[in-house]
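Hi everyone, thanks for making time for this. I'd like to walk you through a structure I've been looking at, so let me put it on the screen.

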Amino acid sequence: MNKSLPTLNEDFPLKLAPARAWRTYVGGKLIEELHGVADQDDNHFPEEWLMSIVSARNVGREHIVDEGLSKVDLPDIDVSLKSLINENAAEFLGKSHFEKFGNNTGVLAKIIDSAERLTVQVHPNREMAKELFNSAYGKTECWHILGGREINGEPPYVYLGFKPGVTRELWENLFENQDIEGMLNCLHKYDVKPGDTFLIEGGTPHAIGSGCLLVEIQEPTDLTIRIEKVSPSGFEIDDLMCHQGIGFKKMFDCFNYDTYTREETLEKWYVKPFVRTEVRNNREIELIGYQQTPYFKMTLVEVESEIDITNDGVFSGLYLLSGSGSIVSEGFNQALNIGDQFFIPAKVSGFTLRNEGNKPLNALRIFGPKV
């Protein structure tokens, strides 16, 4: 018999409420569909943030202090994951993680649905983040394509990395002239399909294209340098949203001006998955791991019947992409439905995922930096 689940306890998986964040671009329709909401229009909330202890940085919305923060999904309780961790970081995050990173998870993940191309942008690496923003974290990130849609007849795509011949002088000149076509011509463009995974190191110019449904895992900041002053749909972007407070000249210090051919770019940043464990058609696939970056790890769990997962003294996040079932830990059984997300504290020794529906149960596991 299933017991009543204790509230706000680091001994059990914690269900989190969906956290949406305002962005300069539009999208989000496919995220609504994940949660069973049909006929929803795209809007300026195209991202759902997962396991988030980070607040969104949006000019004109500074008064919304909790935007993007994950909160526990319990009735009549307004408690953020960040506040819980601050109260007992060693138990929630694990002693080794706490000793190295303090009360910061060191990671953030998002479900992103882009109905338009995002502005061409870059995020600082750790060195530049420290120098320019006094931040211990930059924003190296990884995209794993979940699906998407055609927008105006064009399939999903991304832009990534400078082509040979691009220089800082050229890049600054294109910005001054707001030559958007020239900017895009400096970057490699790739059509994408479900299962594709790309690592985007801090300093690498990029843009998610229209029609992408993806999960992004990243370092825990919202530091984005944008070099387009108007979004593709015509939204005027405030100067502060472009340079994030460091000024137009310094923002170009955030770019890495190394250039690569199309093939070299894929060789450097396209990540191939591999199966970590498989038992009776239940398996866990590593999508991005510590061999590619020490900053985070993400796996995909495919459950035909049920799978036992050992937590190994580290915290993680869980997001259900498809199917339905339950997550069981220490005799406590919680329902799992598409779009549900959980924070698994380090103190949880392990849990079982059970497929109780007639469709595949697929879930993402999100991990913090290597300890």
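Let's start at one residue, Thr105. Leaving aside residues up to four places away in sequence, Thr105 touches Ile53, Ile85, Leu93, His97, Phe315, Gly368 and Pro369. Before I go further, please keep in mind that this is a predicted model.

Where does Thr105 sit in the chain? You'll find Thr105 in the loop between helix 4 (95-101) and strand 5 (108-113). Is Thr105 buried or exposed? With 0% relative accessibility, Thr105 counts as buried.

Besides helix 4, the elements that give two or more residues to the lining are strand 14 (274-279), strand 16 (297-303) and strand 23.

Now over to helix 5, which covers residues 126-133. Which of its residues are buried? They are Met128, Ala129, Leu132 and Phe133. Looking down the axis of helix 5, these buried residues fall within an arc of 105 degrees, so they line one face of the helix. As a reminder, an α-helix has 3.6 residues a turn, so residues three or four places apart point the same way. On the other side of helix 5 we have Glu127, Lys130 and Glu131, which are exposed.

And what covers the buried residues of helix 5? The cover includes strand 13 (225-226), helix 8 (239-243) and helix 9 (248-251). Have a look at the two ends as well. At the start of helix 5, Asn125 has a side-chain oxygen within 3.2 Å of the backbone nitrogen of Glu127. Just after the helix, Asn134 takes a positive phi of about 55 degrees.

On to charges. Side chains of opposite charge can pair when their charged atoms come close. How many salt bridges does the whole structure have? The search finds 26, and I've picked a few for you.

Take Arg168 and Asp253, which form a salt bridge with their closest N and O atoms 2.8 Å apart. Arg168 belongs to helix 6 (residues 168-176), while Asp253 is in the loop between helix 9 and helix 10 (262-269), so this pair ties together parts that are 85 residues apart in sequence. Arg168 is partly exposed at 28% relative accessible area, and Asp253 is partly exposed at 30%.

My next pair is Glu284 and Arg365, a salt bridge with the closest N and O atoms 3.1 Å apart. This one links distant parts of the chain, with Glu284 in strand 15 (residues 282-288) and Arg365 in strand 23 (residues 361-367), 81 residues apart. Glu284 is buried, with a relative accessible area of 9%, and Arg365 is buried too, at 4%.

There's also a salt bridge between Asp66 and Lys71, at 3.5 Å from N to O. Asp66 counts as partly exposed at 37% relative accessibility, as does Lys71 at 24%.

Last, a network: Glu47, Lys110, Lys139, Glu141 and Glu216 are linked by salt bridges.

Methods
Residues are numbered from 1 along each chain as its sequence is written. This is a predicted model: local features need pLDDT of at least 70, side-chain atom pairs count only at pLDDT 80 or more; totals for chains, interfaces and linings use all residues. Side-chain values use heavy atoms; hydrogens and water are left out. Buried means under 20% relative accessible area, exposed over 50%, partly exposed in between (1.4 Å probe, protein chains only). Helices (H or I, at least four residues) and strands (E, at least two) are DSSP runs, numbered from the N terminus. The arc is that of the directions from the helix axis to the C-beta atoms. Contact means heavy atoms within 4.5 Å. A polar contact is a pair of N or O atoms within 3.5 Å; within protein, one must be able to donate a hydrogen and the other to accept it, and residues adjacent in sequence count only if both atoms are side-chain atoms. A salt bridge is a side-chain nitrogen of Lys or Arg within 4 Å of a carboxyl oxygen of Asp or Glu.
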